[in-house]
Amino acid sequence: MSKPLVIVESPTKVRTLKKYIGDTFNVTATSGHIRDLPPKEIGIDIENGFTPQYQNIKGKQNIIKSLKAAAENASDIYLAPDPDREGEAIAFHTADILKKKGRRFHRVLFHELTKNGIEEALKNTSELNVSRYDAQQARRILDRLVGYQISPLLWKKVQGGLSAGRVQSVAVRIICDRERQIQIFEPKEYWSITAGLESTGNPPPFEAKLSRKNDEKHTIPDESASQAILKDLEKATFTVEKVVKKTTKRNPLPPFTTSKLQQEAIRKLRFSAQKTMIVAQQLYEGLDLGPGEPVGLITYMRTDSTRIANEAAHEALDYVRSTLGEKFAAKGPRAFENRKKVQDAHEAIRPTSVAHTPESIRRFLDKDQFTLYELIWKRFVASQMSEALINQVSVSIGADIYTFSVSGSTIAFPGFMQLYTASEEAGEKEEKKQNLPDLKEGEKLDCRSLIPKQHFTQPPPRFSEASLVKELEENGIGRPSTYATILSTIRNKGYVEMVNRYFKPSELGFIVNDLLVENFPEVLDVDFTAKLENDLDRIEGAEVATLQLLQDFYIPFSEKLEAAKNGMQSIKGVGIPTDMECPECKKGKLHVKVGKNGPFIACSAYPDCHFSRNYERNDKGEIQLVEFEADIAEGQVCDKCQRPMVVKQGRFGTFLACSGYPECKNTSSINAGQPQGGGEGTGVSCPEDGCGGELVERKSRRGKVFYGCKKYPDCTFAIWDKPVAEKCPDCGHPYLVEKTTKKQGTHLRCPAEGCSFTRSLDEAQ
């Protein structure tokens, strides 16, 4: 009799599963989705109830053939793709391809790839979850309706190759809105006065800041006010008025959810959100802890839940008691309540076994795997430790009609902080840390100095990857499992750029965002997008009908779409008018346009006036023309008149022109060359034998992004497509590359010759 067949999503899991169930089950993998919507058309029958038109993915024919061969004699098939909406869709499509009279399908949810986890999952199978599949389909349909109908508008009105996304465009709007808040921000001056104080015979000296006047909060607006206060304080006596001492308890944070793991890995490890998810996937799917011993090290890494299994909590408690002592362990298993409306299908992210301490398995992991695993392990174990006790002291010091304040804190008992302190705790804004003497109320203090200092209020900060992930999560935009893709897409499309690890909108990002907000206000609305996400959760909970949700969305959307086809401003044509007069003809106004090399500014009187320039914006968002000096191009001579060539800037970018203009009008392009230095790392090792370098983001002389070895010029390896630190599941090539085409959208593909592996990224947004 044929063995039953277990079908998982990732080939990496196959070896881990075979170790435990290979004697009783056959195991194979789908290598991701095997069916998808067509890449070249919308693939949604809008008139017929928004029916999706799935087809087998090109390049997956051999995998489908092998699935059918593996299932040929199997009566029972256990569908075990990832335990989420995407996994449910893969399970449904696999069942549809393999359906056969008398064949039984069982849904298996592997939350952890350990012996017990696998055995329990196979004992507790279920039917395919129709509601979860409906939620996945509804999201895909919504994304198609938005992306495949707005994007062509952008190609027509702005520039080819652009895209809009139901979630990605909202993320860009959040970044643009913050940048405009920064641009309009007007800093306000204020001053502080710090007193250097000393308790006679009672060291150490310390500092206190002026905080109140006549027992009311006091702000010092300028230097003259500061000097007036200093004059008042010349003969003042400094007396301790009030000392408040208290001990507070600080509880540990819950184990990681997906978004919290991304935020912490970004802050502490300098990982990107994308890199965090790739490495977490490796830890979940299983790594060798010795010859032939693949073990899943963490539970499933896509989760919004903070729930943990009771036995896992007990294991952590036992570990703390045996290694740190009873006083460091919580009194009992500590549970954490989920936020409202959180899907509770999975546990929080935790180690599958506390016994796999980071140091004990370090030799089996690479650097990235170790640091992320250590973060997850410590956060989880700390969640079952005792509270930290913090001694806090606040002191008010009177000086005539003024009050100075100082506070300090010391750790009375570290509790969970002995093992782990989160960046959100360590990063709290605190007063300058200083040791305070044991002060008594009524005590006179010696004032050794009074130091005035000028300050200015600061604008709201730009978003980092971590703070943007937090903003998306708190506003209910998208799902944590898609954040990495969203952040990657908005950068790759050129809508935003990273400035000192913070997101800044590009000029193209502002242009596209403004057009979309004007023409599709609801689609770009944060609250509206969050409501849609909530409705998708309600579909999964069988509370809302898919068809009703799609109709409610599409009827007003289609009206906006029709209006935009004629009403959306064309940047390719007239462009966006400014109030700036053309400096050349003095008649036309300057308009912002978009060319093949990005936005530029040109005279509205074209073709009568040919004036055009690149431009940039100052801190206030005001347009400033870029005057480009014509530098001699070293070693380059005109092939027509033999005069030197000079570097010039035009509406289509940088080019070479003859210095004999206007007598000689010869021009030529500048060859892209390897730039000096290197940009942000990709986490991908250089594939050249023996190099050992890392591929980093670079720009050619014409500003085009490519990826080259960090060891340039010693190593000259370079590629145009963005490399992603993810091994090809089909052929094992050490990295994939990210591409965007009109036909396939944004997708990952294997660069190895003869390998056809691809995976769509566009519609995860």
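Me: Is Lys620 buried, partly exposed or exposed in this predicted model?
Reply: The relative accessibility of Lys620 is 35%. Buried requires a value under 20% and exposed a value over 50%. Because 35% falls in between, Lys620 counts as partly exposed.

Me: Which residues does Lys620 touch, leaving out residues up to four places away in sequence?
Reply: Lys620 lies in the loop between β24 (615–617) and β25 (623–625). Its C-alpha is 7.9 Å from that of Ile182, although the two are 438 residues apart in sequence. Beyond its sequence neighbours, Lys620 touches Gln183, Ile184, Phe185 and Glu186.

Me: How many Å separate the backbone oxygen of Phe185 from a polar atom of the Lys620 side chain?
Reply: Phe185 is among the residues that Lys620 touches. A polar contact requires N or O atoms within 3.5 Å. The separation between the backbone oxygen of Phe185 and the side-chain polar atom of Lys620 is 2.6 Å.

Me: Why does Tyr300 count as buried?
Reply: UniProt, in an unreviewed entry, places the feature "active site" at Tyr300. This residue is in the loop between β14 (294–295) and α10 (310–323), and its contacts include Asp82, His111, Tyr284 and His346. The cut-off for buried is under 20%. Tyr300 therefore counts as buried, with a relative accessibility of 1%.

Me: Which residues does Phe553 contact, leaving aside neighbours within four places in sequence?
Reply: The largest nonpolar core has 136 residues, and Phe553 is one of those touching the most other members, together with Val6, Phe110, Leu372 and Phe520. Leaving aside its sequence neighbours, Phe553 is in contact with Leu142, Leu145, Val146, Val523, Phe528 and Leu532.

How values were computed
Residues numbered from 1 in each chain as written. Predicted model: local features only at pLDDT ≥ 70, side-chain atom pairs only at ≥ 80, totals over all residues. Heavy atoms only, no water. Core = buried A, V, L, I, M, F, W, Y, C linked by side-chain atoms within 4.5 Å. Buried < 20%, exposed > 50% of the residue type's maximum accessible area, 1.4 Å probe, protein only. Contact = heavy atoms within 4.5 Å. UniProt positions renumbered as here; feature names shortened; annotations may be inferred. Helix = DSSP H or I, 4+ residues; strand = E, 2+ residues; numbered from the N terminus. Polar contact = N/O pair within 3.5 Å; in protein donor to acceptor, adjacent residues only side chain to side chain.
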